[in-house]
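Hi,

Here is the structure I promised to pass on. Have a look at it first, and my notes follow below.

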Amino acid sequence: QVQLVDSGGGLVQAGGSLRLSCLASGTIFSINAAGWYRQAPGKQRELVASISSGGSTNYADSVKGRFTISRDNAKNTVYLQMNSLKPEDTAVYYCNADARLYNFEIHNYWGQGTQVTVSS
């Protein structure tokens, strides 16, 4: 059984920072590509940032220069450092990852989400 556990959300004032974590646990050998998505009330889920197995990163235009995605392969953890937060960043943030299991199969998983609320 594999789980992605998202954590690190909270309430922060505009201009503040948060760091989200996504820990993969269970019968997992490694995380391949991973990404952070967010969904605000009444809006579709959107990709915020992604990172490849080799460490290449991509960002949505709305967060470039403010957010940084990173990974710690030894800990099977993916992070999202969010700086200069704006009220429009308010959403539930979800981790998504392709995980390679010990039987060498690769499956896609979602975290349970963590709420980020930015006050003006």
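Arginine 38 and glutamate 46 form a salt bridge, with their closest N and O atoms 2.7 Å apart; the term here means a side-chain nitrogen of Lys or Arg within 4 Å of a carboxyl oxygen of Asp or Glu. Before going further: this is a predicted model, so local features need pLDDT of at least 70 and side-chain atom pairs count only at pLDDT 80 or more, while totals for chains, interfaces and linings use all residues. Residues are numbered from 1 along each chain as its sequence is written, and side-chain values use heavy atoms, with hydrogens and water left out.

Back to that pair. Arginine 38 counts as buried because its relative accessibility is 7%, whereas glutamate 46 is partly exposed at 35%. The cut-offs are under 20% relative accessible area for buried, over 50% for exposed, and partly exposed in between (1.4 Å probe, protein chains only).

Searching the whole structure gives four salt bridges. Another of them joins aspartate 89 to arginine 66, at 2.7 Å from N to O. This one links distant parts of the chain: aspartate 89 is in the loop between strand 8 (77-82) and strand 9 (91-101), arginine 66 is in the loop between strand 6 (57-59) and strand 7 (67-72), and the two are 23 residues apart. Strands, by the way, are DSSP runs (E, at least two residues), as helices are (H or I, at least four), and both are numbered from the N terminus. Aspartate 89 and arginine 66 are both buried. Through shared partners, salt bridges join Arg38, Glu46, Arg66 and Asp89 into one network.

There is also a salt bridge between aspartate 61 and lysine 64, where the closest N and O atoms are 3.2 Å apart. Aspartate 61 is exposed, with a relative accessible area of 65%.

Now the aromatics. The whole-structure search finds three aromatic pairs. The rule is that rings of Phe, Tyr and Trp (its six-membered ring) pair if their centres lie within 6.5 Å; planes under 30 degrees apart are stacked, over 60 edge-to-face, and the rest tilted. Phenylalanine 29 and tyrosine 102 have ring centres 5.8 Å apart and planes at 75 degrees, so this pair is edge-to-face. Phenylalanine 29 lies in strand 4 and tyrosine 102 in the loop between strand 9 and strand 10, so the pair ties together parts 73 residues apart in sequence. Phenylalanine 29 is partly exposed at 49% relative accessible area, and tyrosine 102 counts as exposed at 54%.

Tyrosine 94 and tryptophan 110 are edge-to-face too, because their planes are at 85 degrees, with the ring centres 6.5 Å apart. Here tyrosine 94 comes from strand 9 and tryptophan 110 from strand 10, 16 residues apart. Tyrosine 94 is buried at 15%, while tryptophan 110 is partly exposed at 39%. Together with Tyr37, these two residues make up one aromatic cluster.

What sits over these rings? Arginine 45 lies over the face of tyrosine 94, 3.8 Å from the ring centre. The charged end of arginine 45 also sits over the ring of tryptophan 110, 4.7 Å from its centre. For this I required NZ of Lys or CZ of Arg within 6 Å of the ring centre and within 35 degrees of the ring normal.

Tryptophan 110 itself belongs to strand 10 (residues 106-110). Leaving out residues up to four places away in sequence, tryptophan 110 touches Leu4, Tyr37, Arg45, Tyr94, Cys95 and Asn96, where contact means heavy atoms within 4.5 Å.

Isoleucine 28, in strand 4 (residues 28-39), is buried at 4% relative accessibility. With the sequence neighbours up to four places away again left out, isoleucine 28 touches Asn76, Ala99, Arg100, Leu101 and Tyr102.

Strand 7 and strand 8 form a hairpin with four residues between them, and asparagine 76 in the turn has a positive phi of about 50 degrees. The two strands run antiparallel and are joined by six bridges; strands pair if DSSP finds at least two bridges between them. Strand 7 has Phe67, Ile69 and Arg71 on its covered face, with Thr68, Ser70 and Asp72 on the uncovered one.

Cheers
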